[in-house]
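Thanks, everyone. I'll keep this short and walk through one chain, from the overall picture down to single residues.

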Amino acid sequence: MDLAGRAKQVRIYVNEGDTAGRQPAYLAVLELLRREHCAGATVTRGIVGFTRGRIQTAQLVELSSALPIVIDWVDSAERVERLLPALAALAPDALITVQEVGVAQFPRRALEDVPADLRVRDVMTPAARVVTAGPDADLHDLVTLLLRRGRHAVPVLDPAGRVVGIITNRDLVGRAGLPLRLELLRALGDPADSAVAAHLAGLRGAGRTAASIMTGDVATIGPDAPVADAAALMLKRRLKRLPVVDAGRRLLGMVSRIDVLRAVSRVSPAPDRAGEVVPDGLVRAPRAVGEVMQRQVPVVRPDAPLAEVLDAVVSTRLNRAVVADEAGRPVGIVVDADLMQRVTPGAHPGLIRRLMHQFRPESPAEREAWQRLTGQRAADVMRPREKMVVVPADTPIAEVIDRSLAQQSKLITVVDDQGRVVGMADRADLLAALAAAV
């Protein structure tokens, strides 16, 4: 992970004689942090100190003393928050402090540094945290749950916990007749709001259950499979996630593209490999985002009318368009879900048809009518540049993954040395680079 500029430092104070199970507490802590692919930690053995009123010293005469041990760990705020309860349970007598620190420099890392022994079980979301449904689950209630939990798919399990199907956006739109994808519905508000409830009304009725619309031929993966295999399978089947199952197809967890990318971001840096020679007959894995980016970029000017903006947004699978100035430098980005919140409500029916690829205004009269109705242009509906991830084409892919996760951005805008837009990359592109590297 690129920690430069933002991180938290955790300091854990234990005594040399403290144990966790059968091993010293400080070793147990290090093993936990290593297992979680943390950025790194250092153990320091004190020469003198006191706890609970008693002085411990390293003087020869008192070699039997339980000397103080300090463990320093610097990592992202998200990872620190997630692992603190486990650390406290592992060393219940320890003093643990946390403070924000500024990181001036952090060693760079290449994708080739990802350990070959990294397995799906190391990166998956455990089954206990996965939203699931039974075959008889009411469709309306299920979609309401997905909206409120921020999920885009749900595995369907039989009474024994075996995966028998999965429901995704494609199933809900194509088979259930949901008029909007989940992310667009979520942008409209809470499921109880009238605007959203109206779109969910058609999901009620006899026979409207999970089994009636689920995809039964589910691609799954085992917990001991290499992460590279999961990445390759998602790319081959054009999937965003995979159920993780045991030999009996019982659900153990879910692994998604973002889980894999987060795991890569957690890996500690390895020595610089600049100048490394690739043996004849082997293909070097891509190292810079310019090697995997898409060069066909939907670009509009800030004063582009809404109809033109929509044309650009729906022109690729990314459902986004870059807003650039006259010199081609990015100034903002238009995201399909944002349009549901920012476009004049009176234009929503046409907007929905357009975003769902059901309607394409062709005539100049139709386009003019749209513009009169909304009065909005690209600059009115875009996210500003500071909310984008913009990187030069020669930026290492590992760094791009880190920035994408830190800013929670699905799309990377790539620029040349003059700052002009030359490409775009999304999570599928980054996953493809990872699959080639591990």
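Buried means under 20% relative accessible area. With that cut-off, 47% of the 438 residues in this chain count as buried. Keep in mind that this is a predicted model.

Now the overview. The chain has 17 helices and 20 strands. It exposes about 21,700 Å². Carbon and sulfur atoms supply 51% of that area. Then contacts. Take those between residues at least 6 apart in sequence: 67% of them join residues at least 24 apart.

How many residues of helix 11 are buried? The count is 7 of 8, so this helix, residues 306-313, is mostly covered under the 20% cut-off. The buried ones are Leu 306, Ala 307, Val 309, Leu 310, Asp 311, Ala 312 and Val 313. Note that an aspartate, Asp 311, is in that list.

Follow the chain out of helix 11. The loop between helix 11 and strand 15 holds Asn 319. Its phi is near 55°, a positive value, and it is not a glycine. For context, most residues other than glycine have a negative phi. Is Asn 319 buried or exposed? Asn 319 counts as buried because its relative accessibility is 14%.

There is another positive phi to compare. Arg 238 is not a glycine either, and its phi is about 55°. Arg 238 sits in a loop too, between helix 9, residues 227-237, and strand 12, residues 241-245. Its relative accessible area is 77%, so Arg 238 is exposed. So we have a buried Asn 319 at 14% and an exposed Arg 238 at 77%.

On to charges. Side chains of opposite charge can pair when their charged atoms come close. How many salt bridges does the structure hold? It holds 12. I'll go through a few.

Start with Asp 171 and Arg 175. Their closest N and O atoms are 3.5 Å apart. Asp 171 is buried because its relative accessible area is 4%. Arg 175 is partly exposed, at 46%.

Next, Asp 246 and Arg 250. Their side chains meet at 3.0 Å, N to O. Asp 246 counts as partly exposed, at 23% relative accessibility. Arg 250 is partly exposed as well, at 40%.

Then Asp 325 and Arg 329. Here the closest N and O atoms are 3.3 Å apart. Arg 329 has a relative accessible area of 40%, so it is partly exposed. Salt bridges can also share partners: Arg 181, Glu 183 and Asp 336 are joined that way into one network.

Let me stay with Arg 329 for a moment. Where is it found? Arg 329 is in the loop between strand 15, residues 320-324, and strand 16, residues 330-335. Now its contacts, leaving aside neighbours within four places in sequence. Arg 329 touches Val 323, Ala 324, Gln 418, Gly 419 and Arg 420. Val 415 belongs in this picture too. Arg 329 and Val 415 are 86 residues apart in sequence, yet 7.9 Å apart in space, C-alpha to C-alpha.

Now an arginine in a helix. Arg 79 lies in helix 2, residues 77-90. Why does Arg 79 count as buried? Because its relative accessibility is 5%, and the cut-off for buried is under 20%. Arg 79 and Ala 7 are 72 residues apart in sequence. In space, their C-alpha atoms are 9.9 Å apart.

Last stop, the surface. Which residues form the positive patch? Arg 129, Arg 149, Arg 151 and Arg 262. Look at Arg 149 in that group. Arg 149 lies in helix 4, residues 139-149. Its relative accessibility is 42%, so Arg 149 counts as partly exposed.

To recap the arginines. Arg 79 is buried at 5%. Arg 149 is partly exposed at 42%. Arg 238 is exposed at 77%. That's my tour. Questions, please.

Terms used:
Residues numbered from 1 in each chain as written. Predicted model: local features only at pLDDT ≥ 70, side-chain atom pairs only at ≥ 80, totals over all residues. Heavy atoms only, no water. Patch = residues over 30% accessible without salt bridge, like charges linked within 9 Å, V, L, I, M, F, W, Y side chains within 5 Å. Areas by Shrake-Rupley, 256 points an atom, 1.4 Å probe, with all protein chains shown as cover. Salt bridge = Lys/Arg side-chain N within 4 Å of Asp/Glu carboxyl O. Lys, Arg positive; Asp, Glu negative; His and termini not counted. Charge placed at Lys NZ, Arg CZ, Asp CG, Glu CD. Helix = DSSP H or I, 4+ residues; strand = E, 2+ residues; numbered from the N terminus. Buried < 20%, exposed > 50% of the residue type's maximum accessible area, 1.4 Å probe, protein only. Contact = heavy atoms within 4.5 Å.
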